[in-house]
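Trainee: Could you take me through this model feature by feature, giving the general idea of each before the particular case?

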Amino acid sequence: MGNSQIRTSFLISSFVEELKSLGLEVTVFEQKEKFGGLLTYGIPNYRLPYHIVEKKIENLKALGIEFKNKTCFGKSFSFEDLKKSGFSAIFVAIGAGKSKY
């Protein structure tokens, strides 16, 4: 895997870093137990060792970005729930999901 693919895969982390640098509070919700989406569940460990993804997530947490796992939009919470909780902006990145083929 080339470096450009890894940089592209970290697009969401770059996005939340940028939001945080603007002084915004950022919360990342993840449906699964581990964070990282495709980087964690779709790329074999021999190609992208999970400790690299974990380190990136730890760096984001150190910036003050909150992470909540095992939460599913539409089941665990709704847009209305987020608004009532004080969220003023919502960005949805649904990820790659499972292939139907």
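**Reading the model**

Trainee: What should I know about F73 before I look at its ring?

Mentor: F73 is partly exposed, with a relative accessible area of 42%; buried means under 20% relative accessible area, exposed means over 50%, and partly exposed lies in between, with a 1.4 Å probe and protein chains only. This is a predicted model, in which local features need pLDDT of at least 70 and side-chain atom pairs count only at pLDDT 80 or more, while totals for chains, interfaces and linings use all residues. Residues are numbered from 1 along each chain as its sequence is written, and side-chain values use heavy atoms, with hydrogens and water left out.

Trainee: How is an aromatic pair read, and which kind do F73 and F77 form?

Mentor: Rings of Phe, Tyr and Trp (its six-membered ring) pair if their centres lie within 6.5 Å, and planes under 30 degrees apart count as stacked, over 60 as edge-to-face and the rest as tilted. The structure holds six such pairs, and the one between F73 and F77 is edge-to-face, at 5.8 Å centre to centre with 65 degrees between the planes. F77 counts as buried, at 13% relative accessibility, and both residues belong to one aromatic cluster made up of F29, F73, F77, F79 and F87.

Trainee: Which rings have a lysine over them?

Mentor: A charge sits over a ring if NZ of Lys or CZ of Arg is within 6 Å of the ring centre and within 35 degrees of the ring normal. The charged end of K32 sits over the ring of Y41, 4.9 Å from its centre, and K34 lies over the face of Y50, at 4.9 Å from the ring centre.

Trainee: Which residues of α4 are buried, and which exposed residues lie on the face turned away from them?

Mentor: In α4, the buried residues are Y50, V53, I57 and L60. They cover an arc of only 85 degrees around the axis, which puts them on the same side of α4; the arc is that of the directions from the helix axis to the C-beta atoms. The face turned away from this buried side carries the exposed residues H51, K55 and A62. Following α4 comes G64, whose phi is positive, near 100 degrees.

Trainee: Which residues touch the most other members of the largest nonpolar core?

Mentor: A nonpolar core is a set of buried Ala, Val, Leu, Ile, Met, Phe, Trp, Tyr and Cys residues joined through side-chain atoms within 4.5 Å. Of the 13 residues in the largest one, V16, V53, I65 and F67 touch the most other members, and the largest share of this core, four residues, comes from helix α4 (residues 50–62). Contact means heavy atoms within 4.5 Å, and V53 touches F35, G36, L39, T40 and L48, not counting residues up to four places away in sequence.

Trainee: Where does F91 lie, and what does it contact?

Mentor: F91 lies in the segment after α5 and counts as exposed, at 52% relative accessibility. Leaving aside neighbours within four places in sequence, F91 is in contact with I12 and F15. F91 and V16 are 75 residues apart in sequence and 10.0 Å apart in space, C-alpha to C-alpha.

Terms used
Helices (H or I, at least four residues) and strands (E, at least two) are DSSP runs, numbered from the N terminus.
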